[in-house]
Structures are given as structure tokens and as C-alpha cells.
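My notes follow in the order I took them.

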Amino acid sequence: MSKVLLLFAHPSQDRSEINRPLFKEAKKIAGVTAVDLYAEYPSFRINVDREQQRLREHQVVIFMFPLYWYSTPAILKEWQDLVLEYGFAYGSEGKELQGKTFLCSLTAGGAASAYRKGGYNHYQIWELLRPLEQTANLTGMHYLPPFALFGSRTAVDEGRLPEHIQHWRSLLEALVSDSLAIEHVAPNELLNHQLEQIIKEGA
Ligand SMILES: Cc1cc2nc3c(=O)[nH]c(=O)nc-3n(C[C@H](O)[C@H](O)[C@H](O)COP(=O)(O)O)c2cc1C
């Protein structure tokens, strides 16, 4: 069994249609520690010791957020800047994150078709997430491709939310029960599009 640390960052949850129900679902799953960063740190005074201790106690780390200006909401950047210290996360003595698994769960207002060369957002989502991928690499974490929903502002009306929640639950349960075949994950495909191939039989 693995413990999953879910770090959720959404500054206006009263208007959230996707991340809020996903977060609610995650809270029901034993083995998932669901942290609402904006609720815990409304003035951005992140408790570094507490966050580092949380990291030590978990094997899987998930950043969950709505894509804001092709990146994370501000508090997740603040969290990285303060918590991933030299001597803790990197450097010759900084080995606390080595061997953990890292992934992003994100929603994007833009359509999937916009996130490609020739589309109005020009870049694929994995290209935009490179800083997080490289942060995982540098700190010795195993990086998984994102679990993502595009066209998020129309997803409820189009009836796409229930399936996404179901995939989310399956992913979290597989991570907790160590039944995700990480070695078979395709790097340039959304995690939610390959769950059938990577969740081991009987999980
Ligand atoms: C400040 C801000 C920046 C945003 N930047 C992007 C962006 O870069 N790309 C994108 O596709 N959507 C962008 N959006 C749309 C959000 O990603 C979208 O509202 C969110 O995924 C919806 O999720 P929710 O229902 O949980 O709030 C932005 C929204 C806001 C408020």
C-alpha cells in the first residue's frame, strides 16, 4: 500500500465545477491525504516543516489545480519555492523525495485540440509542464503524465464530468493499492486515457 498526498490549489472554489467535486471524491478514499492549500494557508504563510514532514510520510505526490496562465495557481509555486529546500529535496544530502511518484491532476479551459502545434495554445500540455517534470527529475521522483480534463468550462453541460470522476477514483485507488503498472505508462499520453492498460488485473 502507498500513501498519496494530494495538494489541491484552487483560489476560487465557489466557482469550481470540476476540481471541487474531484477533491470531494478524493477525500473519501482511504490512503489519500487531501490538502486544500488555499484553505490552510490563506495568507501564503506555508509551514515548511509541516509540509516536509507530510512529504516524508507519503509515497505519491499529486499537484491538483486548474491551469492558470499555462501553469499552476500561485500558491503551488510558493509551496515549491519554500518546501523543496536544498538539503531536503536536492543537493548531496537532499534525498527525501527520491523514489516517490509525482503527477499533476489538472483542468484546462482550452479544448484539447488547442494544445498542439498549430492550435491557438501552440504547445502540448506535457511541454507546458516541463518545469514540473524537471523538478521531479531533479528531486529523484518518478514523473507520470498528467491526469487532465480539457474544455473544462463546458464539461458539465456536455456530461463529461461523471466519467472523469470515475477515472479519478480508479486512479487514486490504484495508486493507493500499488496496482498501477508504472513501467507501462506512455509518457506522451494523458494518464486518464491509458488507465485500462496500466491498472493491473484484479485491482
Ligand atoms: C486566472 C485564470 C487563468 C486561466 N488560464 C488558463 C490557461 O492558461 N489555459 C486554459 O486552458 N485555461 C485557463 N483558465 C481556465 C481555467 O483553467 C478553468 O476555469 C478551470 O480549469 C475550470 O476548473 P474548475 O471548474 O474546477 O474551476 C484560466 C482561468 C483563470 C481564472
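**Entry 1: a charged pair.** I began with lysine 28, which forms a salt bridge with glutamate 25. The closest N and O atoms of this pair are 3.3 Å apart. I keep in mind that this is a predicted model.

Are the two partners buried or exposed? I looked up lysine 28 and found 59% relative accessibility. Lysine 28 counts as exposed because that value is over the 50% cut-off. Glutamate 25 has 12% relative accessibility. That is under 20%, so glutamate 25 counts as buried.

**Entry 2: other salt bridges.** How many salt bridges does the structure hold? I noted nine. One of them joins the side chains of glutamate 40 and arginine 50, at 3.1 Å from N to O.

**Entry 3: the ligand site.** Where does the ligand sit? I found it in the largest pocket. I listed 17 residues around the ligand. The closest are His10, Ser16, Glu17, Thr107 and Tyr115. I sorted the shell by class: eight residues are nonpolar, seven polar and two charged.

Entry 4: I checked side chains next. Histidine 10 places a polar side-chain atom 2.8 Å from a ligand oxygen atom. On its own the ligand has 630 Å² of accessible area, and the protein covers 77% of it.

Methods
Residues numbered from 1 in each chain as written. Predicted model: local features only at pLDDT ≥ 70, side-chain atom pairs only at ≥ 80, totals over all residues. Heavy atoms only, no water. Near = heavy atom within 4 Å. Polar contact = N/O pair within 3.5 Å; in protein donor to acceptor, adjacent residues only side chain to side chain. Areas by Shrake-Rupley, 256 points an atom, 1.4 Å probe, with all protein chains shown as cover. 1 Å grid on protein atoms, 1.4 Å probe; cavity = no way out; pocket = protein on both sides within 12 Å on 5 of 7 lines; lining within 4 Å. Sits in = over half its atoms within 2 Å of the grid points. Nonpolar A, V, L, I, M, F, W, Y, C, P; charged D, E, K, R; others polar. Salt bridge = Lys/Arg side-chain N within 4 Å of Asp/Glu carboxyl O. Buried < 20%, exposed > 50% of the residue type's maximum accessible area, 1.4 Å probe, protein only.
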